[in-house]
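Subject: Structure for your files

Hello,

Below is the structure for you to look at.

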Number of protein chains: 2
Amino acid sequence: MGVTKTELFTDVQNHIAIAAKAFAHPARVAIIQYLLKSNVCINGDLVQELGLAQATISQHLRELKDIGIIQGTIEGSRISYCINPERWAEIKNQFNEIFNQFASPSSGDCC
Amino acid sequence: MGVTKTELFTDVQNHIAIAAKAFAHPARVAIIQYLLKSNVCINGDLVQELGLAQATISQHLRELKDIGIIQGTIEGSRISYCINPERWAEIKNQFNEIFNQFASPSSGDCC
DNA sequence: TTATTATATTGCAATATTACGATTAATATT
DNA sequence: AATATTAATCGTAATATTGCAATATAATAA
């Protein structure tokens with residue numbers, strides 16, 4: 001069907017899934033990495049950096065913005081994007097909480 | 001197109017995207033959480049736990065197995081799944097590396 | 001052997017995602 | 001004002017994902 005049965009899952013599970021989608025496409029990872037490097041926000045020179053069409057980049061930016069992990073401010077005819085610190089911390093914490101829940105078993109504890 | 005242009009991106013970017021997909025669906029998050037809780041591996045009582053059809057669960061398990069984040073061993077007619085410690089650590093480190101690359105700007109550093 | 005149980009696989013149908021060209025809207029430049 | 005630049009949006013095509021019923025496979029139980 002392609003349609004996720006969100007009603008079967010907890011809010012936390014759904015939220016984690018949405019946050020994970022920010023990283024679930026290499027183009028979006030590339031955009032995030034670019035933003036991490038050039039801390040000084042950016043605009044659409046991502047089109048140069050990645051080899052994708054302008055419309056495609058714009059679409060990925062919108063997804064990242066919808067997830068909330070980035071934010072954009074209008075600067076004349078350009079738009080400066082940057083990481084949203086609060087949302088970043090939130091997502092980071094959500095993932096860390098999961099990652100830290102697993103303690104490697106001493107030995108043949110498991111399969 | 002629905003087809004990702006993987007050749008445009010670095011190996012790291014592609015690998016992160018693949019790993020993120022493990023968490024990019026609430027059912028898979030639920031499966032991982034269930035595995036974290038009942039440390040003692042499990043089988044397909046996920047079908048009871050989540051409200052999805054057996055075939056659907058099986059499919060998500062295969063995806064998680066393909067990503068490598070879980071592993072399964074045959075135990076008679078059942079299959080015990082558990083988290084793959086090495087792969088788990090690998091993914092955890094990959095994400096932490098990204099998450100730690102961002103230092104919240106002192107003030108109006110950005111947009 | 002014949003059932004039963006547990007899980008994987010196959011084959012769909014429906015929806016989502018990825019990508020891009022074309023268009024639009026808004027600001028900049030001349 | 002006329003034109004260029006920038007980026008969002010629309011429409012569309014191709015592929016991927018989600019979900020399930022039905023079937024297949026494998027091990028166990030009767």
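Helices (H or I, at least four residues) and strands (E, at least two) are DSSP runs, numbered from the N terminus. The model is predicted: local features need pLDDT of at least 70 and side-chain atom pairs count only at pLDDT 80 or more, while totals for chains, interfaces and linings use all residues. Residues are numbered from 1 along each chain as its sequence is written, and chains are lettered from A and ligands numbered from 1 in the order in which they are written.

A residue is taken as near a strand if its C-beta atom, placed from the backbone, lies within 6 Å of it. On that basis DNA strand D has 28 residues around it, and those that come nearest are Gly2(A), Asn43(A), Gly44(A), Gly2(B) and Gly76(B). Two or more residues each are given to this surface by H4 and strand E2 (78-83) of chain A and by H4 of chain B. H4(A) gives the most, with six residues.

DNA strand C is also surrounded by 28 residues, the closest being Gly2(A), Gly76(A), Gly2(B), Asn43(B) and Gly44(B). Here the elements giving two or more residues are helix H4 (54-67) of chain A, and helix H4 (54-67) and strand E2 (78-83) of chain B. The largest share, six residues, comes from H4(B).

For the classes, Ala, Val, Leu, Ile, Met, Phe, Trp, Tyr, Cys and Pro count as nonpolar, Asp, Glu, Lys and Arg as charged, and the others, Gly among them, as polar. The surface near DNA strand C has 10 nonpolar, 15 polar and three charged residues; the surface near DNA strand D has 10 nonpolar, 15 polar and three charged.

H4(B) itself has 14 residues and spans 20 Å from its first C-alpha to its last, close to the 20 Å expected at 1.5 Å a residue (1.5 Å times one less than the number of residues). Just after H4(B), Gly68(B) has a positive phi of about 100°.

Chain A with chain B

Residues are in contact if their C-beta atoms, placed from the backbone, lie within 7 Å. The contact takes 40 residues from chain A and 39 residues from chain B. On the chain B side, H1(B) gives the most, with six residues. That side divides into 25 nonpolar, 12 polar and two charged residues.

Chain B is superposed on chain A by a rotation of 180° with 0.0 Å of shift along its axis (RMSD 0.1 Å), fitted by least squares on the C-alpha atoms of residues with pLDDT of at least 70 in both. The two copies are thus related as by a two-fold rotation axis. In chain B, the C-alpha nearest the axis belongs to Ala20(B), 2.8 Å from it.

One helix pair

The axes of helix H1 (residues 11-21) of chain A and H2(B) come within 8 Å and cross at roughly 115°. Axes are lines fitted to C-alpha atoms, for helices over the stretch in contact, and angles run from 0 to 180 degrees between N-to-C directions. Gln13(A), Asn14(A), Ile16(A) and Ala17(A) in H1(A) meet Pro26(B), Val29(B) and Ala30(B) in H2(B). These residues divide into five nonpolar, two polar and no charged.

Regards

How values were computed: Two residues are in contact if their C-beta atoms, placed from the backbone, lie within 7 Å.
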